[in-house]
Amino acid sequence: MITEAGEKPKKRVHSESESRLQATCFAWFWNTFPEYRGLMFHVPSEGNRNSVIDGGRRKAMGIVAGVSDLIFMLPRHGYHGLCIEMKTETGKQSDKQKEWERKVTEQGYDYQIARSLSEFKTCVTNYIIED
């Protein structure tokens, strides 16, 4: 496909960058806090978004649009757990992600957005440290 300017449209690199950031952050967590391994996890919501069959199967299996990238099932500071949405520096939450954030925070979960390894480290470390 060629745009009106005669150029090929740019591929969406956004999610790939978020995936790399998430992998880096998760590796840091895994190596830094081995005592909490298994309590932080990713809920796979990716898939072939062009396939009606795959989409139907994912919905039937319980996929919920907007769920955060990482969930940390450790109660701290009055929260039931921590939900972390990974975003690039310019990434924005979708309406579904904002709605899910609202729902989980109303139920007593902390919700944070991390845009870098540094932000992720601060978010997780501050969450884990007990007062």
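Contact, as the word is used in these legends, means heavy atoms within 4.5 Å. The structure is a predicted model, in which local features need pLDDT of at least 70 and side-chain atom pairs count only at pLDDT 80 or more, whereas totals for chains, interfaces and linings use all residues. Residues are numbered from 1 along each chain as its sequence is written, and side-chain values use heavy atoms, with hydrogens and water left out.

View 1. Arg76 is placed in the loop between strand E2 (70-72) and strand E3 (82-86); helices (H or I, at least four residues) and strands (E, at least two) are DSSP runs, numbered from the N terminus. With a relative accessible area of 12%, Arg76 is buried, a word that stands for under 20% relative accessible area, while exposed stands for over 50% and partly exposed for values in between (1.4 Å probe, protein chains only). Apart from neighbours within four places in sequence, Arg76 is in contact with Tyr36, Tyr127, Ile128 and Glu130. The C-alpha atoms of Arg76 and Glu130 are separated by 7.1 Å, although the two residues are 54 apart along the chain.

View 2. An open sheet of 4 strands has the order E1-E2-E3-E4, with mixed pairing, where two strands pair if DSSP finds at least two bridges between them. Strand E1 (40-42) and E4 stand at the edges with a single partner strand each, so one side of each has no neighbour in the sheet. E2 and E3 run antiparallel and are joined by 3 bridges, with Phe72 standing opposite Leu82 in E3. E3 and strand E4 (residues 110-114) run parallel and are joined by 5 bridges, and the bridge partner of Met86 in E4 is Ala114. Between E3 and E4 the chain passes through helix H3 (residues 95-106), and this β-α-β crossover is right-handed, which is to say that, with the strands pointing away from the viewer, the path from the first strand over the helix to the second runs clockwise.

**View 3. Helices across the sheet.** H3 lies across E2, E3 and E4 and runs at about 145° to E4; axes are lines fitted to C-alpha atoms, for helices over the stretch in contact, and angles run from 0 to 180 degrees between N-to-C directions. Helix H4 (residues 117-128) lies across E1, E2, E3 and E4, running at about 180° to E3.

**View 4. The nonpolar cores.** A nonpolar core is a set of buried Ala, Val, Leu, Ile, Met, Phe, Trp, Tyr and Cys residues joined through side-chain atoms within 4.5 Å. The largest has 19 residues, and those with the most contacts inside it are Phe29, Phe72, Ile84, Phe120 and Val124. H1, E2, E3 and H4 each supply at least two residues of this core, and its largest share, 5 residues, comes from H4. Apart from this core lies another, of 6 residues, among them Ile71, Trp100, Val104 and Tyr111.

View 5. A search of the whole structure finds 0 disulfides, a disulfide being a pair of cysteine sulfur atoms within 2.5 Å. The sulfur of Cys123 is 9.6 Å from the closest cysteine sulfur, that of Cys25, which is too far for a bond. Cys123 is buried, with a relative accessible area of 15%, and Cys83 also counts as buried, at 2% relative accessibility.
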